[in-house]
Structure formats: structure tokens, C-alpha cells
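Hi,

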Amino acid sequence: MYFLRLIFSFFAFIPFTYGQEAKICHIANTGFYVSDGEKGALLDALYADGMDGDPVASAALNERIETASGEFSNIKLVFTSHVHEDHMKAKPVLRHLRANLNAKGIMPKQAKIFMKAGGVGRENGRIHYEGVKLGEVRELEGYAFPLSPYGLSHGACNEDISNIDIKMTVAG
Amino acid sequence: MLCHIANAGYYATDGERGVLFDALYCDGLDGFGQASEITNEKMENAEDMFANVKVIFASHYHGDHMTGKAMVRDLQNNDNAIAIITDESKKLMIAGGSVKNAETRIKSFKIPIGENLELENMPFPIKLYGISHGVGRPDNIGIAVTVVGRTIMHVGDMSAKKEDLIKAEVEKENIDYLLLPFWNAMSKDAMTTINDVFKAKVVVTMHFAPPFGAMWQGILENSELKERIYSNADNIIKLDEEMMCISLD
């Protein structure tokens, strides 16, 4: 009996600890998932089949991310640094925002036309198009995590691409 | 021949050279018609009948008409192809990857509504038209291409005023085949206006797809919507299945 209770306690404890664990996980390429155990963020992770030659997540993982399933149901923030298709595509971003009404998006202003091309509708009200200039930093309020976007260059030959960095604090 | 791909996507060829209209968007937008994986692969890889494509045209940047990756793949796999797109669409193509000699092969335009522009040194005689997609929508261009002596006009997602089309002088094009989004053909009166303005010999209604498009009209099935539209004018023909083709001879 004691043994059975021990097994029960063990399995009851797993979801609890699993749910409380702060972590950072790699998705693919420059895509990451971070969570404090209760709420999470996706960083450059919603680009589905991406760009030829660059790594992509598995179809199963992409589906879970896009449909906000499993641990991705707790996503509060979808961040995109720039519009290259190995970092974002409108369709997977929109799929996630439609599946998860608690998520907000942050992306550079340049991404606005891409989201229009992807058919953005009322989800646009949950997207902040950030226009921080190169070398500058801002603080954003009203998000699940403390956030500061930075204006950082994508480098030579990519002057036509707006790139933003983000600093966020997760579980301290 | 003139073949349907999917949604507003078509392919025309004289047997030696081809043109793709609004066909390179791969998985496009959720809910809209898409070509099969095998057709998309052949188009993007410029294989089989699509190896002869010289022009890839996209009327505007919406994801059910073009995506950067699909357009870029075709240009990467077919050094002989050029893209004709809007200035706005060019902004999306930069995210899809790099193209060899992009500065000469990606030709972008901003044509004011009601105006036209004849292009020179093209594989086919080509004229572009500034045609409205509607207020607050992306810039949209129509294209008239003459293939084996037949003029095909694709108007993109046209939602235009009659006076703007008259101003653009579309009737002077002597159109043989007008590729027309279905919402412009919803009644006999609407089709009378279309025929008065374009004077096209044949109209191919297109861009059927999403089921909610039919529901907007109080019709539950796309098939019912199609049958209603096909009966709205004698010069409407069916070309609405993937790789269904008609002869241009």
C-alpha cells in the first residue's frame, strides 16, 4: 500500500514540478521557447518550413507550436526579430495567435506588410510593431514579462532589413 | 494552352515559352485553394512543362497569390525567368531568399489606378494595368499577355470602379481570355457591366475557394456558387480544376 501511495505521489508530483520549472528550450535555428513554468514566450520560433538551407523544427513540433498545444498553451508573447523567413512567417504566427487568444506579438514595423500578406485580421490588435531605432532601447509595459527592445543592425548587405533585439526577464 | 493551377493561379504557354499568373504561393493562406504538392514542386523547381516559364507574375502580395519563398525558388531554379510584381511585393521577396541577378530579373511596378504601362523587351507582349483591390487593400496590378496571338488578361483581386477601368482603357486590349475573380460576376447585371467594359471574348471566373466566400453570399456550397456564376453570361467558361487546360489555338 505504501508502495502504491509512493507511486501515486510521484506521478502527482511530476506535472506540478514540470509546470513550475523555469527553462529555456531550443526550437530550431534561432528559435527558442522560454518559460517561468506558468507563462512562456516564443522567440523567432514561428516560421514553419522557413527558408531553404536553414534548419527548421520538425513538423510535429511546428504543429504543437502553431496550435498552442501542450506546453505551448501558456505562451503570452511571440517575438520576432526581423522578417527573414528563417525567423518568421506570417502564417504560422497568425495560426498561433488565432489558437491562443492570450498571446501578444512583438515584431519590427517592417513586419506589418508581411502580416497583411498573411491575412492578419483582428489579431492585429494584439501585435505591437516596434520601431526602435538603431542603437536605442525602449521599455515596454503591459506584457507578461519585463521587456526591453533594442535597435540592432542586421549588418552589411542587410541594411534594408529592420532588426530588433529583445531583453526579457523570466523567473528573475 | 491556358491551364488552371489553383485559386487565381494560371499557366499559359505557346508550347515553347510559358507564363505563370498568381500561381507561386505554395501553401498560401489557410482556407484558400492551393495546388497539389506535386504541382507546386514542379512549378518551384521549374520542371516538366514549367521548365519553359519566362515570366512569373503576381498581381499583389497577399499570401494566396504569392509567397516570397515560392517565387524565389522558381527564380533560383530557372535563370531564364523574370518576375513582374508590385513595388510592395518586392518588400516581401527580400525575406524569401536571394536571387541571382535580382536587380534585372525582379521587375517591380507601382501603377496608379486607372493607368496602364506597356513593357518592352519582354518574352511576350505585355501591358500592365493599375486596378484597385479595394480601399485599404494592397496595390494590385492587372496584366495583359499575348500568347500565340491570344491576349489573356489577369486582373488580380479586382474590386474596381467602372470609371477607373474605362480610364485604364482595358477595352483597347482586345482581350480573348479575361481571368476574373468570381465576386465581379455575381449577377447577370454585373456580368453585363464586365462585358461592356472589358469586351472580352471569353471570361474565366476564378478565385473561388474558401467556403466562407460562398457563405458571404448566403450560399453554402462553392459548387452552387459556381453554377450560379456560370449562368450569368454566355461567354463564361469553366476552367476551375487543377491542371485543367484549354487550347489557345
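**Helix against helix in chain A**

In H2(A), A:Asn62, A:Ile65 and A:Glu66 meet A:Pro92, A:Arg95, A:His96 and A:Ala99 of H3(A). "Meet" here is contact, which needs C-beta atoms, placed from the backbone, within 7 Å. By class, the residues of this contact are three nonpolar, two polar and two charged. Ala, Val, Leu, Ile, Met, Phe, Trp, Tyr, Cys and Pro count as nonpolar, Asp, Glu, Lys and Arg as charged, and the others, Gly among them, as polar.

Before going on, some housekeeping. This is a predicted model, so local features need pLDDT of at least 70 and side-chain atom pairs count only at pLDDT 80 or more, while totals for chains, interfaces and linings use all residues. Residues are numbered from 1 along each chain as its sequence is written, and chains are lettered from A and ligands numbered from 1 in the order in which they are written. Helices (H or I, at least four residues) and strands (E, at least two) are DSSP runs, numbered from the N terminus.

Back to those two helices: the axes of H2 (residues 59–66) and H3 (residues 90–99) of chain A come within 8 Å and cross at roughly 50°. That makes H2(A) oblique to H3(A). For the angle terms, under 35 degrees is roughly parallel, over 145 roughly antiparallel, 65 to 115 roughly perpendicular, and the rest oblique. Axes are lines fitted to C-alpha atoms, for helices over the stretch in contact, with angles from 0 to 180 degrees between N-to-C directions.

**The sheet in chain A**

Chain A has an open sheet of six strands in the order E1-E2-E3-E4-E5-E6, with mixed pairing. Its edge strands are E1 (23–28) and E6 (127–130), each pairing on one side only. Two strands pair if DSSP finds at least two bridges between them. E1(A) and E2 (residues 31–35) of chain A run antiparallel and are joined by five bridges; A:Lys23 has A:Ser35 in E2(A) as its bridge partner.

**Where the chains touch**

14 residues of chain A are in contact with 16 residues of chain B. On the chain A side, H3 and H4 (112–117) are the elements that give two or more residues, and H4(A) gives the most, with four.

**Inside chain B**

H2(B) is mostly covered, with eight of its 10 residues buried. Buried takes 20 or more other C-beta atoms within 10 Å of a residue's own, exposed 12 or fewer, and partly exposed lies in between. Among the buried residues of H2(B) are B:Met71 and B:Val72. B:Met71 turns up again in the largest nonpolar core, which has 108 residues, as one of those with the most contacts inside it, along with B:Val19, B:Leu20 and B:Leu179. Such a core is a set of buried Ala, Val, Leu, Ile, Met, Phe, Trp, Tyr and Cys residues joined through C-beta atoms within 7 Å. Leaving aside neighbours within four places in sequence, B:Leu179 has contacts including B:Tyr10, B:Phe21 and B:Val204.

Phi of B:Glu169 is near 60°, a positive value in a residue other than glycine. B:Asn174 is in the loop between H5 and E11 too, and has a positive phi of about 55°.

Cheers

Key
Two residues are in contact if their C-beta atoms, placed from the backbone, lie within 7 Å.
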